[in-house]
Amino acid sequence: MSIDLKALALACGLTEKEWIHFRETLKRDPSPTEIQMIGVMWSEHCSYKSSKRFLRQLRTHSEAVLQGPGENAGLVSLDDKRAIAFKIESHNHPSFVEPFQGAATGVGGILRDIFTMGARPIALGNYLRFGDFRNDSKHRLLLEGVVSGIAHYGNCMGIPTTGGHISTNKCYSGNILVNVFALGVVDRAKIFKSASAAPGCSVMIWGARTGRDGIHGASLLASADFESSKTQTKEQKIRVQVGDPFKEKTLMEATLEVMDQLSDKLIAIQDMGAAGLTCSTMEISFKSNVGMRVDLNQVPMREEGMQPFELLLSESQERMLAVVQKGSEAAFRKIIFDKWGCECAVIGETIPGDRLEMFFNGEKVVDLPVMEIQDPPPADLPEPAWVNPTVNLNAPTPSDVKKELEVLQLLLKHPSIASKKNVFERYDSTVGASTVLGPGHDAAVIWADEEGKGNRGIAFKGVADEDHYQIDPLYGAQSALLKGIRALACVGAKAIAYSDGVNLGNPTTPKVQGALERTVKGLNLAAEVFDTPCISGNVSLYNQTKTDGVSRDIFPTTFVMTVGALDDVRLARPSIFQKAGSEVWMVDIHEPSSVETLPGGSAYARIILEDANLAAHLPPIDLSGEKRLQNALLSAQASQLFLSCREVSQGGLAVALAKACFKENGQVWGFDGDLSKSQSRRDTLLFGEQQGRVIVEIDASNRALLMKLGMDFKLQLKRLGTVAKEPVYRVRPSLSGATDELREIWESVF
Amino acid sequence: MTGNRSWAVVQFPGSNCDHDLLKVFKSLPGIAAQYHWHEDPIEVGQYEVIGIPGGFSFGDYLRAGAIAKLSNALKGLEKAVEAGAHVLGICNGFQILVESRLLPGYLHVNQSLRFISKNAALEVKAEAYPWIQKEDIGKVWHFPIAHRFGNYQKSKIDALDASSPLYYFGENPNGSAEGIAAVYRQLGKGSLFALMPHPERAFFGETRNADGQKFFENAVKAVARA
């Protein structure tokens, strides 16, 4: 039998250079099974070969960090006894090919990452990007499929979806983004890792049986660009896994129960996601520096006649690989199989050294030196080269003749700004009985109770403004982290750390490499000032599609998930007005003299003025000003000075004020404001998107306290108006409309 | 039964509101709360109150509650109620009780055909010992709902004598007949109370909604007096 090994290697996604390196490392011809394993291990998805040179530069340390990037999820301390585990992950390619299962298994995958650390997941968030679904029916279907898939999986798992964002842009027409975030809480004495295995233990697999789904998903689907003619073909669809949330639920409960009951016998654990058994065995082996001997015949199979490569590459969901103390296997089986009904089998043992040996029908089919082959040879990457567009502010600005009310209405209808209520109401957001602030507020707040006691809370916020990234990824990333930190401060939480979901095009181009380099730089700039390191993340590359012979990348899009804590959730501040008659003020970090006169970098410049130059003129970032703002917002927390607090973000002040009028129960407030005496250019003030601005609602009697806060933290204050009972939205002299009509428009998009 | 203050939450592998309900039970004064695994039969006199929580008991791929009704725990439930136990079925618990024919009617898919998660306003219309007192009638409580199969329809062939103590107030979120949100039946010395909304998610003030406290505290006091 003569198989062309090289042809097989190339078909499995290896480059010529990698194939040569592989053979030279082994000093022999690899077996076909070994080639397939290396094909996935060295894929972009599993090896991060085109991104790690920059990812290594991320700030990953602070006093709060208990586990940085590299494990299933990162950990920061919540209090003396508990830690927060969190991570964001992408499922872009599978969701484009098969939206329902792609999105569903994305949720399953991120939840496994969390509970593999020993943490019980307590919140989910999802961050989605589509093409223009208002005019493109295919993207309407993709949206429907993705949302249904997330709801199907997340609701059944009983983890509340308390945050998320959806937007559209033409750049996602050939590559949608589906990034899912999960967060959990773990007892600091019972944290589990994949790097803690030792020789002489049993290797067990538990959860679902292994089938033929998802084979080559990591290498040939997630690590390749699309050709528009070939997506959503049967050939691609079989690489998408099929999810079973009930199985995952039992897997989660069984795993958390053995972690609790048999914690000293569970030595190491790794969830089985991309590249299934291959990746999980190699990761444990490599990180723990142990060898492993596995009998593939012992793997519980879903169908007969499965070959070694299928067992090794299957991405069947809801499975876990664990290293347990010898002699304790029966105790594990009792909980996992007898009680929770999950498959549970001993498939091998850990051995001294670093060899991964796999047997099938008594024959050795794999014998790999893990340390030497863990990493692919350095990829030949182009020098990073990102060029920001030149901005010509002397170009004539198209004069805007639209009325202010019309502008506000158009902005409220912009998908990024519009209400996602109709989507979020399909996700269970209150299961867990701990949701303090859910969708609709600046940040999600969850009560991290201990059996109904204690007051501590956790907040999170995910941000990515692709229109900023497209102009300058450094600015986009820095701004995304700052907005997260600011949103957290608005609800009363102090940011601790973040997780980054990087989504880029084809990494073999200087431009994409440059985007990555600048993204990392931007994140570090803000992280340094706020001591908020990166503790986990994900990189999705090859978000590129070839249409009619032209390859198009998505805009660089990094979702920055900022996570923080509150001492007392009872003091969490909503982002919606609370009381008629209270005063509304703007708190601003800028000196009046330095305030930008142009509404640059705003949705207004982009979609109303349609002025590319103005849209590319991003408003300045002032890190020390942002720090003062954060300190001010947090210090106002204990005194409960603010009834509500909302950051001025996309759509500017006018949109922030309108959204604050939309009550959670479907009713509306009115707003009676007056800016007729303001010196600033009116459209800049109403629709500009300056950094470092929030609106706060206070009792009129607390005005003196607000003045003092402004003085103490050197912040500018501007009185905007009052919250009104009568449902009229008014910013004098020239903006006025019915608040319920604005709400209707805002809710009409999704 | 007096003196036995043991309350249980029945746990199926796919229950996911079990922790929430236990957390509430444990917070109630004088109540010893515990899980009851679905494989174990429920004995007469074992519990004062038995909660059947929300979730997807066995994945509910077939029909919500269709497998759970065959569990050992459910088999002994009717006898336990007749002897004096009070059953509280929430969401999936409601579906299971209807599926077991312990309560009349059906729970169809929501009118919108979609899963709905939101805060629902509920009007208290009738007394239902031990959960709702006369003094509560006329009040409006807000409990979150989160379900896909909550569209309650009455059945003509069921002769079970049941009442509807809670109705959706204002918007009817799922298309239930007359806006029925809860069904209550007295059986022997005990009772069955089932509702789609989640009172256990409106218990702790920390979550900015404590409308459900009265509901649970009623039962603690009423059963103690019995």
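B:Lys26 and A:Glu451 join their side chains in a salt bridge at 3.7 Å, N to O. A salt bridge here is a side-chain nitrogen of Lys or Arg within 4 Å of a carboxyl oxygen of Asp or Glu. By that rule, six salt bridges cross the interface of chain B and chain A. The model is predicted: local features need pLDDT of at least 70, side-chain atom pairs count only at pLDDT 80 or more, and totals for chains, interfaces and linings use all residues. Residues are numbered from 1 along each chain as its sequence is written, chains are lettered from A in the order in which they are written, and side-chain values use heavy atoms, without hydrogens and water.

**Interface of chains B and A**
- In contact (heavy atoms within 4.5 Å) are 28 residues of chain B and 40 residues of chain A.
- The two chains bury about 2,800 Å² between them, with 54% on carbon and sulfur atoms. Buried area is the accessible area (1.4 Å probe) lost on being put together, summed over both parts.
- B:Lys23, B:Glu206 and B:Arg208 supply 24% of the area chain B buries against chain A, more than any other three residues.

**Helix packing in chain A**
- Helices H8 (residues 137–157) and H11 (residues 245–261) of chain A pack at about 35°, with axes 9 Å apart. Helices are DSSP runs (H or I, at least four residues), numbered from the N terminus. Axes are lines fitted to C-alpha atoms over the stretch in contact, and angles run from 0 to 180 degrees between N-to-C directions.
- Residues of H8(A) including A:His152 and A:Tyr153 meet residues of H11(A), among them A:Pro245 and A:Phe246.

Conventions. Helices (H or I, at least four residues) and strands (E, at least two) are DSSP runs, numbered from the N terminus.
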